[in-house]
Amino acid sequence: MGAGRWKVFYSVMLPMLASGLANVFLLSFIESVTDFSNPMILGGGYKTLASQIYIQAIGNYDMKLGTTIAVTLLLVTLIVFWIQKMVLDNRSYVTLTGKASRVREMIDDKGIVIVTNAICLVISFWVLLFYLFVVLGSFFKTWGADYRLVLDQYKYVFRYSMKPVKDTLLIALLVAPICGVFSMLVAFLLVRKKFVGKRFVEYVSMLGMAVPGTVFGLGYILTFNTKPLVLTNTLWILVIVLVMTRLPVGVRSGMSSLRQIDPSIEEAAMDLGASTSKVFSSITLPLIKSAFFTGLVFSFIKSMTAISAVIFLVSAKYNLLTVRVMQHVDKGQFGYASALSVILMIIVFVTVGILNVILRHLGQSSDKNFLA
């Protein structure tokens, strides 16, 4: 109707993108305000709530002040989460009419292409530079003083730090299938079933996205450190906290996939005598295997790289790779920290590659998942 490209963008496309932009804002805000490791290493004189929780509770042995800061941080994130939910739940972002009259076209405006490519190239360059420096740091004799290439850091790591690597891999391999199946089950109940408290269950399943990891960790150690249920210094407290903090992504992915499947398929199976559990395992789960693998891979990767939620829960019996990296950084042993980081990246890349192969054999495209 004569509108220019910019007019179409800010009057049509931008309002339709409001939901996505709000979710990106929520995720970015919560990830930033709850970030623990980066402020601890790079913060210098700047203090954040997430780092202060650990410093007060563990460093100064002041659990009361640590929990007070944790409650403050929890209130901030929950208020932002509640505002975002209220705004989005009261608006509709569905187009009821309008049919595409032509296929998508490649943008040939040189001004847009050059600017967009330049931004992407700059971001990609800095991301790849971080990885390059980590790899180089693992081979340098002493970062900043002696740049001879040696294998001393890897010899030390393989001799003294392989237990955290094994513990982390074991925990991630336990968390991934539990979180994958549990998230699909919760998504199935929320989309396909009607029951009392359904809205409450949906909100609880999303708390892992809104509650900071340090608050989760502190809450778990206070809750499961006394009778009747003592889980501290065990493997399972780490598994449980990682499952709960990674649950929202799998649940959202499963709900999105289930809403695209006609319920009559499952109803037909139930009419033929199949139980709810049989329908879920034999029909629903195979139909949403793409979402299942999304949750599986996401939970595995995030479990391998987790630190804020587990920093309070590690022990001499079960330590994690990321926590050991943090310990080396605190001591100024950047070579050992870099070597462990390289091992972590290799494990994640190899696992993602294996899952890519599995997905291709199952007839699923990895482009639709976090595997790409």
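**Close-up views of aromatic rings and model confidence**

**View 1. Phe-133, Phe-140, Trp-143 and Tyr-147 make up one aromatic cluster.** This is a predicted model, with residues numbered from 1 along each chain as its sequence is written. Local features need pLDDT of at least 70 and side-chain atom pairs pLDDT 80 or more, while totals for chains, interfaces and linings use all residues, and side-chain values use heavy atoms, without hydrogens or water. Rings of Phe, Tyr and Trp (its six-membered ring) pair if their centres lie within 6.5 Å; planes under 30 degrees apart are stacked, over 60 edge-to-face, and the rest tilted. The structure holds 12 aromatic pairs. One of them joins Trp-143 and Tyr-147: their centres are 6.2 Å apart and their planes at 75°, so the pair is edge-to-face. Trp-143 is partly exposed at 44% relative accessible area (buried is under 20%, exposed over 50%, partly exposed in between; 1.4 Å probe, protein chains only). Tyr-147, at 47%, is partly exposed.

**View 2. Phe-292 meets Phe-293 edge-to-face.** Here the ring centres are 5.6 Å apart and the planes stand at 75°. Both Phe-292 and Phe-293 are buried.

**View 3. Lys-163 places its charged end over the ring of Tyr-318.** The distance to the ring centre is 5.6 Å; the criterion is NZ of Lys or CZ of Arg within 6 Å of the centre and within 35 degrees of the ring normal.

**View 4. Residues 93–101 have pLDDT below 50.** pLDDT is the predictor's confidence in each residue, from 0 to 100. The chain's mean is 81, and 91% of its residues reach 70 or more. Beyond near neighbours in sequence, residues 93–101 have seven contacts in the model (heavy atoms within 4.5 Å).
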